[in-house]
Amino acid sequence: MENKKTELKVSALENGTVIDHIPTGHVLQVMRILNLENFEDQIYFGANLDSKKYGKKGLIKVSNRFFEDLEINKISLVAPTATLIEIRNFDVTKKSGVTIPDTVEGFAKCINPKCITNHQKVATKFYVTDKDDLKMKCHYCEKITKKNDVEFL
Amino acid sequence: MKNRSLISINDYSKEEILHILKIAEEFEANPRQKILENHVIASLFFEPSTRTRLSFESAIMQLGGKVIGFTDASSSSVKKGESLRDTIETISLYSDLIVMRHPLEGSSRFASELNDTPVINAGDGANQHPTQCLLDLYSIMQTQNTLDGLDIALVGDLKYGRTVHSLVIALSMFKNTRFHLVSPFELKLPRSIKDFIIANGHTYEQYTDISQVIEKTDILYMTRIQQERFADQLEYERVKNSYILENSMLENSRDNLRILHPMPRVNEIDENVDTNEKAHYFQQAQNGVFVRQALLASILGLR
Ligand SMILES: [Zn+2]
């Protein structure tokens, strides 16, 4: 029953993207990272949905919006399990996962309180040094920010 | 290396480092050459550091260059809330090269990417101080005639000491360094840097007693142990006198042993060491001028 409802919602999308399997609790964060808060077309989102694979999950459906890899990979830091489903004319045209990018620019915060990026208007930039157990090295202060410390701007 | 900023010692390859050291030899032989007569260098000290500033300014002036700038942020527009971006963008228009020290980490990297004016990092918080590293390498080369296959003893605060970390990383570019790490238990070299030593094919041993290394090292690099680094003040009281070098301790050391210190010292090298021919820390400070001259000449395309 639950499954059928989800399917119905998905199929109701004529053109757009479904972002599925978002760790529950990170849906709003994903919306913020993708700058969907100011998006003007229809968006559906849900949290605490039942998932066979993960127990609970979050899901976002965006009408008439498709994402470039570079853009979507930003969410991999908080939602590495996310699946992307592109829909055109009610048909699924592409399904893909997300991969952690080599560089992370402009949306994550440096852990170092003495870093220039935490004091002046300087966009953050990190080099990902470990993708399995996320570690990012700040381009400016050279300190490492780890997965559990990642905060988003 | 024309127009290239120096922000972190890792910005330069081994060959580039050796190139700078080579040019520094020329300035050691002849430090007064008027090659910067037509140049204006900005010296921006957003926090005071008298030694580093005077060393840079001496380097510039001995080469005939002019210096503009400030010696601490309180005497500049920074105090009125000007952003670092605006300060750098403006001063770039007045100068050929910027030397800067700033308390925030990453500030020099940021400044170096704003426009084409090259920046030399004279210290950004606890992050990098690459000219200190170059002068340390120069002093080792000057006294040992090589940077390969040396026994290097590092003594004191190896945990927080930025100078020590940079030196280890730079020496790891060379061959077969044997590091002898002498520190109180609380101030040992971080694991990540020890892993770096091994990953680059070098070796290290750890000690808590300075006398264990004096007879088997080529370089004795002393650093200050600061009281505030200790969580346990009793521990500080217990160890503070065991990291002091006295002249009598050097009796059975190697003939080629030289003692270095980034200065200023407090009491970790007794003054009775100063007249020993193995004391090299004042020469080391002077080397800072030659190395900075070499950098300026190289970045301005004059060497
Ligand atoms: Zn940073």
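Biologist: Leaving aside its neighbours within four places in sequence, which residues is G125(B) in contact with?
Modeller: In this predicted model, G125(B) touches K114(A) from the other chain, and H102(B), P103(B), L104(B), E105(B) and R162(B).

Biologist: Where does G125(B) lie?
Modeller: G125(B) is in the loop between β4 (119–124) and α5 (130–144) of chain B.

Biologist: Buried or exposed?
Modeller: G125(B) has a relative accessible area of 15%. The cut-off for buried is under 20%, so G125(B) counts as buried.

Biologist: What separates the C-alpha atoms of G125(B) and N38(B)?
Modeller: A distance of 32 Å, with the two residues 87 places apart along the chain.

Biologist: On to the interface. How many residues does each chain give to the contact?
Modeller: Chain B gives 16 residues and chain A gives 13. Together the two chains bury about 1,200 Å², and 46% of that is on carbon and sulfur atoms.

Biologist: Which three residues supply more than any other three on the chain B side?
Modeller: L104(B), E105(B) and F110(B), which supply 46% of the area that chain B buries against chain A. L104(B) and E105(B) are also among the contacts of G125(B).

Biologist: How many salt bridges cross that interface?
Modeller: Two are found between chain B and chain A. E105(B) takes part in a salt bridge with K143(A), at 3.5 Å from N to O. There are also seven residue pairs in polar contact across the interface.

Biologist: Which elements of chain B give two or more residues to that side?
Modeller: Helices α3 (84–92) and α4 (107–112) of chain B do. The most comes from α4(B), with three residues.

Biologist: Change of topic: what coordinates the zinc ion?
Modeller: Four SG atoms, from C110(A), C115(A), C138(A) and C141(A), at 2.3 to 2.4 Å. The site is tetrahedral, with angles of 98 to 117° among the four donor atoms.

Biologist: And what are the ideal angles for four tetrahedral donors?
Modeller: The ideal value is 109.5 degrees.

Biologist: How are the donor residues spaced in sequence?
Modeller: The pattern is C-x4-C-x22-C-x2-C. C110(A) lies in the loop between β7 (108–109) and β8 (125–130) of chain A, and C141(A) in the loop between β9 (135–138) and β10 (144–146), so this pair ties together parts that are 31 residues apart in sequence.

Biologist: Are C110(A) and C141(A) buried or exposed?
Modeller: Both C110(A) and C141(A) are buried.

Biologist: Back to salt bridges. How many are there over all chains?
Modeller: The whole structure has 24. In one of them, D11(B) pairs with R109(B), with the closest N and O atoms 3.1 Å apart. This pair links distant parts of the chain, 98 residues apart: D11(B) is in the segment before α1 (14–29) and R109(B) is in helix α4 of chain B.

Biologist: How accessible are those two?
Modeller: D11(B) is partly exposed, at 23% relative accessible area. R109(B) is buried, at 14%.

Biologist: And in chain A, what does E86(A) meet in a salt bridge?
Modeller: The side chain of R88(A), at 3.0 Å from N to O. E86(A) is buried at 9% relative accessible area, whereas R88(A) is partly exposed at 37%.

Biologist: Which residues are linked in a network of salt bridges?
Modeller: D151(B), R178(B), D218(B) and R254(B) form such a network. Another salt bridge in chain B joins E237(B) and K240(B), with the closest N and O atoms 3.0 Å apart. E237(B) is partly exposed at 41% relative accessible area, and K240(B) is partly exposed at 31%.

Notes. Residues numbered from 1 in each chain as written. Chains lettered and ligands numbered in written order. Predicted model: local features only at pLDDT ≥ 70, side-chain atom pairs only at ≥ 80, totals over all residues. Heavy atoms only, no water. Donors = N, O, S within 2.8 Å, 3.2 Å for Na, K, Ca; no water. Tetrahedral: all angles 85-135°; square planar, octahedral: opposite > 155°, others 65-115°. Helix = DSSP H or I, 4+ residues; strand = E, 2+ residues; numbered from the N terminus. Buried < 20%, exposed > 50% of the residue type's maximum accessible area, 1.4 Å probe, protein only. Contact = heavy atoms within 4.5 Å. Buried area = accessible area lost by both parts, 1.4 Å probe. Salt bridge = Lys/Arg side-chain N within 4 Å of Asp/Glu carboxyl O. Polar contact = N/O pair within 3.5 Å; in protein donor to acceptor, adjacent residues only side chain to side chain.
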